[in-house]
Amino acid sequence: MKNITLIGGGLSGSLMAIFLAKRGFNVSIYERRPDPRKATTYQGKSINLALSNRGIAALKKVGLDEAVLKTAIPMSGRMMHNKQGELAYQPYGKEGQAINSVSRGGLNIRLLELADEHENISLHFGQRCLDLNADCSDAIFEDEQGNKTNVKSDIFIGSDGAFAASRLHLQLSQRFDYEQDFENYGYKELHIPPTASGEFAMDKNSLHIWPRGNFMMIALPNIDGSFTCTLFFPYEGEISFASIKDEPAAKAFFQEYFADVITLMPNYLHDYLNNPVGSLVTVKCFPWVYKNSLALIGDAAHAIVPFYGQGMNCSFEDCIVLDECIEKGGDDWVRIFENYQSLRKPNADAIAHLAQQNFVEMRDKVGDAAFLHRKHVEHDLVEHFGSMFKSQYELVTFSLEPYSFALAQGKINDIVLNEIISRNIPVTPGNKEIEEILLRNR
Ligand SMILES: Cc1cc2nc3c(=O)[nH]c(=O)nc-3n(C[C@H](O)[C@H](O)[C@H](O)COP(=O)(O)OP(=O)(O)OC[C@H]3O[C@@H](n4cnc5c(N)ncnc54)[C@H](O)[C@@H]3O)c2cc1C
């Protein structure tokens, strides 16, 4: 059986290792960080993540869905907080549909624990990949003491995230397309602890958003009763990380824009002034594979901005698709890899586009009356004409339809919504005018 080495044991690497082990391969994971099962604090980015149907489908395939969902908090809609502290709620989908707040560290540990139960998976922590050689048959790793090891493998899978070392060699080769697009925004995490009686300080089953035009803050619940807030903020400009950098400025800023929430955040000033600023990047590249020796998965192939909550979900879907290609491809790894990238690339591009688009929607439009009306109309269409109309959000988040289909359908939905809203047609059950518009725009 072939030896397969995963470079990076984060979310997609540890999940893919399990898929491969189930097929009987000899699998090794080389991860830069120390073993998170032994660490007291998780060293990765963003504390919690929204897990939705694609991610759940992948976890189900390795039998982890129920255990993960047991410790997740369902969020059935967005709760918008305006500057005056007034709330507006928008369900994400139909009754019973929700995205799930999960702990990134907890999920990674669960995946590594399951990986460790497989005799044919070996785990190597504290091993940073420096590069792959020209034909991707061996990789160089360096441990924390600076000792270097050459690792040979029949196949490498690059699962080492947005700034993948496994991709470096490809980046320097002929005819490799590479695009890296940093947002002018960074993000900073802040914390809302549980109340004195140990309760959630806000509705726990919502994803909270403070849309403020040029910037925004969101909050996702954690299982311990706290919320993790993420402030998405411009690096430069009149109101930005560059301009708000001392205590008086930060205090005045939060009092002006987030008055309703700072009463719930006793350490907001400390968090704002001390927590690191994370960057937001979209990475597109092609090809994702090199002959029969290397394939990139997850953020290493397609890092996207987090505004559709799909980066991990998309990465987990990569694992399903690669696994299915292995099943169909026998021992022909050139074909396996070619099929994998041709199935995934258009979908990764589609969700990258949708994620960038959704940032504008979340920070700028969700507080806008016309936008909220449009969302109500869309929701009524989903509710009363569900067999004929699916919202783009529903297709991306609650279905397994390709992302490229969701992108195309979103454009058709826009035509439908424009007509219904401009003609002021009531979206009532069985309304023939609505049916006619939907049929015409199929
Ligand atoms: C602020 C923020 C919020 C997000 N929210 C969501 C969300 O709600 N829902 C969602 O689906 N997605 C979300 N994402 C996206 C999600 O985090 C990523 O898509 C997901 O982590 C990709 O998994 P990955 O395993 O490919 O990469 P990563 O999670 O980045 O893992 C890569 C692993 O490789 C290791 N590594 C890196 N370099 C090397 C090296 N040279 N050698 C060896 N190992 C290496 C790293 O230590 C890490 O363990 C969010 C991202 C951000 C930044």
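User: Which residue is the bridge partner of L190 in β16?

Analyst: C229 is the partner of L190. Keep in mind that this is a predicted model.

User: How many bridges join β13 to β16?

Analyst: Eight, between β13 (residues 177-192) and β16 (residues 227-234). The two strands run antiparallel.

User: And how many join β15 to β16?

Analyst: Six bridges, again with antiparallel strands. β15 covers residues 216-221. Within that pairing, M216 has F232 of β16 as its bridge partner.

User: What does G225 do in the hairpin of β15 and β16?

Analyst: G225 takes a positive phi near 95 degrees. Five residues lie between the two strands of that hairpin.

User: New topic. What is the strand order in the open sheet of three strands?

Analyst: The order is β9-β10-β11, with antiparallel pairing. β9 (128-132) and β11 (148-152) are the edge strands. Each has a single partner strand, so one side of each has no neighbour in the sheet. The twist from one strand to the next averages 30 degrees.

User: Which residue in β10 stands opposite C129?

Analyst: F141. Four bridges join β9 to β10 (residues 138-142).

User: Now the helix. Where does E324 lie?

Analyst: E324 is in helix α10, residues 311-329.

User: Why does E324 count as partly exposed?

Analyst: Because E324 has 16 C-beta neighbours inside 10 Å. A residue needs 20 or more to be buried, and 12 or fewer to be exposed.

User: How far apart are E324 and I336?

Analyst: They are 9.0 Å apart, C-alpha to C-alpha. In sequence, E324 and I336 are 12 residues apart.

Key
Residues are numbered from 1 along each chain as its sequence is written. This is a predicted model: local features need pLDDT of at least 70, side-chain atom pairs count only at pLDDT 80 or more; totals for chains, interfaces and linings use all residues. Two strands pair if DSSP finds at least two bridges between them. Axes are lines fitted to C-alpha atoms, for helices over the stretch in contact, and angles run from 0 to 180 degrees between N-to-C directions.
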